[in-house]
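Here is a short briefing on a protein model. It covers contacts, cores, salt bridges and a record annotation.

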Amino acid sequence: MAWKKILGAKALENAGNSLSVRIDNDTVVFIARVDGKLYAMNGICTHLRCILGKVTDDKKHVRCPCHLAEFELETGKMVKPPYIAPDSPMEKLGLKTYNIKEEDGFLQIDY
Ligand code: FES
């Protein structure tokens with residue numbers, strides 16, 4: 001694993017402090033800054049691969065726009081299943097999280 005620059009910090013701010021970024025052919029990363037703290041996780045929903053999403057009003061989760069599954073920002077754990085698949089095995093549908101830092105105006109993830 002190595003730190004990889006993925007975005008200027010200003011771009012995150014301009015996007016309203018959350019967005020998903022494609023960083024290579026296979027990987028999209030969801031990034032959010034909530035109350036000053038940075039979060040990063042895989043940005044492709046484990047249900048049907050929609051791109052995440054928006055931070056929920058409680059500031060603890062990100063919601064998939066397609067079927068409203070929710071994932072915990074800290075851990076990537078699915079905490080609410082897709083409304084079209086309420087019996088989904090949530091324990092198997094979490095998203096990988098990444099360490100993230102800001103340095104010299106850029107956001108970097110340990111990738
Ligand atoms: S694709 Fe994300 S909840 Fe269905």
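**Contacts of Thr27**

Beyond its neighbours within four places in sequence, Thr27 is in contact (heavy atoms within 4.5 Å) with Val21, Arg22, Tyr98 and Tyr111. The model is predicted: local features need pLDDT of at least 70, side-chain atom pairs count only at pLDDT 80 or more, and totals for chains, interfaces and linings use all residues. Residues are numbered from 1 along each chain as its sequence is written, and side-chain values use heavy atoms, with hydrogens and water left out.

- Thr27 lies in strand β3, residues 27-34. Helices (H or I, at least four residues) and strands (E, at least two) are DSSP runs, numbered from the N terminus.
- Thr27 counts as buried because its relative accessibility is 10%. Buried means under 20% relative accessible area, exposed means over 50%, and partly exposed is in between (1.4 Å probe, protein chains only).
- The side chains of Thr27 and Tyr111 are joined by a polar contact of 3.0 Å. A polar contact is a pair of N or O atoms within 3.5 Å; within protein, one must be able to donate a hydrogen and the other to accept it, and residues adjacent in sequence count only if both atoms are side-chain atoms.

**Nonpolar cores**

- The largest nonpolar core has 16 residues, of which Phe30, Met41, Leu52, Val62, Phe71 and Leu73 touch the most other members.
- Strands β3 and β4 (37-42) each supply at least two residues of this core. The largest share, three residues, comes from β3.
- A second, separate core of 14 residues includes Ala9, Leu12, Ile23 and Ile31.
- A nonpolar core is a set of buried Ala, Val, Leu, Ile, Met, Phe, Trp, Tyr and Cys residues joined through side-chain atoms within 4.5 Å.
- In soluble globular proteins, nonpolar side chains tend to be buried together.

**Salt bridges**

- The whole structure holds seven salt bridges. A salt bridge is a side-chain nitrogen of Lys or Arg within 4 Å of a carboxyl oxygen of Asp or Glu.
- One of them pairs Glu102 with Arg33 at 2.8 Å, N to O. Glu102 is in strand β9 (residues 100-103) and Arg33 in strand β3, so the pair ties together parts 69 residues apart in sequence. Glu102 is partly exposed at 40% relative accessibility, and Arg33 is partly exposed at 23%.
- Lys59 and Asp35 meet through their side chains in a salt bridge of 3.1 Å, N to O. Lys59 is in the loop between β5 (54-55) and β6 (61-63) and Asp35 in the loop between β3 and β4, so this pair ties together parts 24 residues apart in sequence. Lys59 is partly exposed at 41%, whereas Asp35 is exposed at 67%.
- Arg63 and Glu70 form a salt bridge, with their closest N and O atoms 3.0 Å apart. Arg63 is partly exposed at 33%, while Glu70 is buried at 10%.
- A network of salt bridges links Arg63, Glu70 and Lys80.

**Annotation and a loop position**

- UniProt lists residues 3-109 as "domain: Rieske" in an unreviewed entry. UniProt positions are given in the numbering used here, feature names are shortened, and annotations may be inferred rather than shown by experiment.
- The end C-alpha atoms of residues 3-109 lie 5 Å apart, and the span is 6% helix and 43% strand.
- Pro89 lies in the loop between β8 (78-80) and β9. Pro89 is partly exposed at 37% relative accessibility.
- Pro89 and Arg49 are 40 residues apart in sequence and 16 Å apart in space, C-alpha to C-alpha.
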